[in-house]
Amino acid sequence: MQKKDFNGGWLFGRVGKDELRPVRIPHDAMLAEKRTAQSPGGINTGWFEGYDYRYVKQFTAPEAWRGRTVMLEFEGVYHNAQVFLNGHKIGGRPYGYSGFFVTLDEHLNYGGDNTLEVIAHNADQPNSRWYSGAGIYRPVQLYLSAGKSYLPPESIRVRTLGLDPVRLEITVRTVGEGNIQVELLDGDKVLHSGRAHSDGNARLLLTATELQPWSPEHPRLYTCRVRFEGDEDRVTFGARTIEWSARKGFAINDRRVILRGACIHHDNGPLGAACWPDAVERKVRLLQECGYNAIRSAHNPCSKTLLEVCDRLGMLVMDEYVDCWYIHKTKNDYVQYFADWWQRDLADMTAKDFNHPCVVLYSTGNEVSETAQERGIQLTGQMTRYLHDCDPTRPVTCGVNIFFNLLSSLGFGVYSDEKAEKEAEKPVGSQFFNDMAGLCGAGFMKWGATLHGCDVKTRGAFANMDIAGYNYGINRYRHDLQKYPDRLILGSETFCSDAYRFWQMAQHEPRLIGDFVWAGMDYLGEVGVGSWEYHDYAPGFDHGPGWLTAGSGRIDLTGYRLAEGDYTRVAFGLEKGPVLAVRPVNHPGEKHSPSAWKMTDAIRSWSWSGCEGNPAIVEVYTTAARVELTLNGRKVGEKRRGKDCRVIFRTRYEDGTLTAIARDANGNEVGRTALRTAGPETELRAEPEQKQTAPGRLCYIPLRYTDGAGTTKPMERGRIRVNVEGGKLLALGHACPYNADGFLGSETDTYWGRALAIVLAEGDVTMTAEDGTRRAVCKIACKEVGTC
């Protein structure tokens, strides 16, 4: 079918209000709402109020469309979407993360005007444990067939049967009977072709000797073009195989791969839930630079945009289905729809994912305590088998919070409608467990997972999946690998501080297939769960209105890699180090907001002028045997590296140069690095991440306070006002989890000397940033063909 962009020309407003205003899809309706103490979503959604929204689009259906099938694809509408054409309901979907199709033919006014209306509900708060966004937040596409016989969307599947040589199975589903022609393309070059007859379904086997395998290191992609009765469709694919076994562990193309993973939510930080391709690509690229080779789509099916990006960049994906099955975690969550929709949801998820080589795992859920019950154990097996029916090429897991399973079976943190009505603010489910971990710490959480009762309450469910998903269960790994010799274990959710320990274990145990840290990049909602903040940036630690993000990322909300990200690179053996980082010297001994998900708040800076004599905690990340630390040429100390790749020193701050020297076991220097104090002068810099762009592309422009040489000054702070010419300012803000301003204004605070502007280019972009004393101007050339 012919595919057309259908994202322009929409009007938008709240249901029950007459005023509609122009908006372009993808659009997050929730991001512009007020954040108040009355918001039922509370800390989960960042205190945003929730409403129901109405999207309206007028369009003409030419007479030439008559007799042809016309369909719309909504890739994501949050949530409980209803679609109307000329007053007739033509479809919808309760799950806000499942894409769906609607057929327009029956109610189209050919040769005249048509009115399309979409209702997106979000007034039924609380309905999510994180910031969901609202409205038509993913793209809309129109599909038009060539005639009565056609290739419906998602009807072509390419499966790799072998690699030496590449052997492919291509299945095609058609509407109508006729002959099909299949071609494999490398760009415009036809590599292989074949023909078959379809009576509604067709199958071809092709040996494609010229194709090269897809892998994370070499993400080679090809096109499969299918022609049928005047209709044409094409899909992108990569040739690769997956195996999972106790002997090999997890293998791609017959080579063992250890998943160095990061959990991410679907939002794009300051842009909210709106699925901007440039924002998605930037996020994936930053995660790769941080050392991750895999993403967990927590806790919902990811967008097609993310899959397209991961295919191109070589990032592996575990696509996850849902956060709850039949036990509520919030009053109005997906439980009310789950029983009727789970099979269709999973079928649609696999249809979306099948041709994407980046997708290597499916997850049926996250921290579903149902897995501790006999009913839930049976459901685990049902869902695993159903996914294998839909897609036999990929293994299935489920992220089980091991300690939570035991606690929930004892009645702790279990939701009931009665509790929700009487104690609306009382945490249940995963939030209950998260709050407890924040108070008791990560060690308590991991210790709890070692209790015998945790084994009893998880082994049934683990036996009903291909790979056992352990949330925060690293202390069980060795014991369970010995007790269950056929079990494959995935750290489906883990702490940053366990990265080195995991990596050392995984080198020697193939059944330990990977690790997914919570979280790779900070996200909206679940406010404060991963933050260490001080009172100068957060007036209170109650996580009330004003708090906006989780603070739980190795990369902050603006895309800046934190010291925890540097630690991760060293832990995974991607960087020898040494890498230097320093905890804020201007807060010696001060209390900060508690979190089990923060390993350190250190940053790469020795610019703490005015703090002379203050205690300074210095962290060095290295795999070397010993580390020596010097300050202005004087030896501060020397330490042997222990069981981790993090070595901690304590000293007193003074301006100058701080140097870490890594040495081998014989005392030979194997590397060194230094941090230097910034100079006394202060500049405001606006430094675009790209020098040229194209119309409709996003431009990311970090703002920094620096000295004349460009060294960031974390203690400089100001209110920065931004003006844009030649584009639209989409978002402006900083990375602090406490953010009373939000991201939709033209003025922002800074956080440790930094902020970020995101501009939608319309022409040559000029952005001016001012704080009343300093001024910075940046220019980005805009061309019709370019990259952002």
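What covers the buried residues of H2? I started there.

I'm working from a predicted model, where local features need pLDDT of at least 70, side-chain atom pairs count only at pLDDT 80 or more, and totals for chains, interfaces and linings use all residues. Residues are numbered from 1 along each chain as its sequence is written, and side-chain values use heavy atoms, with hydrogens and water left out.

**Helix H2.** I found H2 at residues 277-289; helices (H or I, at least four residues) and strands (E, at least two) are DSSP runs numbered from the N terminus. Its buried residues (under 20% relative accessible area, 1.4 Å probe, protein chains only) include Val280, Val284 and Leu287, but also Asp278, Arg282 and Lys283. The cover, counted by contact (heavy atoms within 4.5 Å), includes strands E21 (259-264), E22 (294-297), E38 (698-706) and E41 (754-770), plus helix H3 (304-313). Just past H2, I noted a positive phi of about 110° at Gly291.

**Strand E31.** Five of the six residues of E31 (626-631) are buried, so the strand is largely enclosed by the rest of the structure. E31 pairs (at least two DSSP bridges) in the antiparallel sense with E34 (657-663) over six bridges. In E34, Arg663 is the bridge partner of Arg626. In the hairpin of E31 and E32, Asn632 takes a positive phi near 55°.

Definitions and conventions:
The expected span of a helix is 1.5 Å times one less than its number of residues. Buried means under 20% relative accessible area, exposed over 50%, partly exposed in between (1.4 Å probe, protein chains only).
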